[in-house]
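Thanks for making time this morning.

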Amino acid sequence: RGLYLSPINPATQFQYKYDVPRLGHGAFRAPNRAFGAVLTYFLSEASEGGVEVCVADAVGATVRTFRGPGLRGFNRVAWDLRMQPLPMDTSVYEPPSLDVGPRGPFVLPGRYEVTVQAASASQSEWVDVRPDPLLDLSAEEQRRRYDFTLALYELQRREYEIGRAHV
């Protein structure tokens, strides 16, 4: 079989207080552990163009797709617990200098199916996404916040499409 996807550890969301990079006191700097659900998979043969990763919610609706490395042997990639980012047209809008790039909204805490596809091989595993323990919200408040975020996401998508139509 050409692909093996390891079981995925539960992932915990957290909300940054500030989205602006800080250097701290400059005494020590090292890369942080990858945020989100870390996927580890083994390929018996290299996969030209990498692998496709598809994340679906508990009812099977796709919330995110992205590509991962396709080297022979062990590979690792992280899903940032977010939905598909909206396209960003830098010919129309200049991205802010401290922007972290296009990102979709966080998914709701729950169970998600992650499928890795490499050439003709495919394998799926489930991952549990846990809520931010420091975000003191009830399940109902989380749902209302999520619904509001999705409404903004849809407005941004429509604005992008309108902007592209006028270019």
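Among the contacts in the protein chain with a separation of 6 or more, 66% are between residues 24 or more positions apart, where a contact means heavy atoms within 4.5 Å. Please keep in mind that this is a predicted model, in which local features need pLDDT of at least 70 and side-chain atom pairs count only at pLDDT 80 or more, while totals for chains, interfaces and linings use all residues. Residues are numbered from 1 along each chain as its sequence is written, and side-chain values use heavy atoms, with hydrogens and water left out.

The chain has 1 helix and 8 strands, in the order β-β-β-β-β-β-β-β-α along the sequence; these are DSSP runs, H or I of at least four residues for helices and E of at least two for strands, numbered from the N terminus.

Turning to the rings, there are 4 aromatic pairs, counted for Phe, Tyr and Trp (its six-membered ring) when centres lie within 6.5 Å, with planes under 30 degrees apart called stacked, over 60 edge-to-face and the rest tilted. The pair F14 and F35 is edge-to-face, because the centres are 4.7 Å apart and the planes stand at 85°. Both residues lie in the loop between β2 (11-12) and β3 (37-43), 21 residues apart.

F14, F35 and F106 form one aromatic cluster, and the charged end of R82 sits over the ring of F106, 3.9 Å from its centre, the rule being NZ of Lys or CZ of Arg within 6 Å of the ring centre and within 35 degrees of the ring normal.
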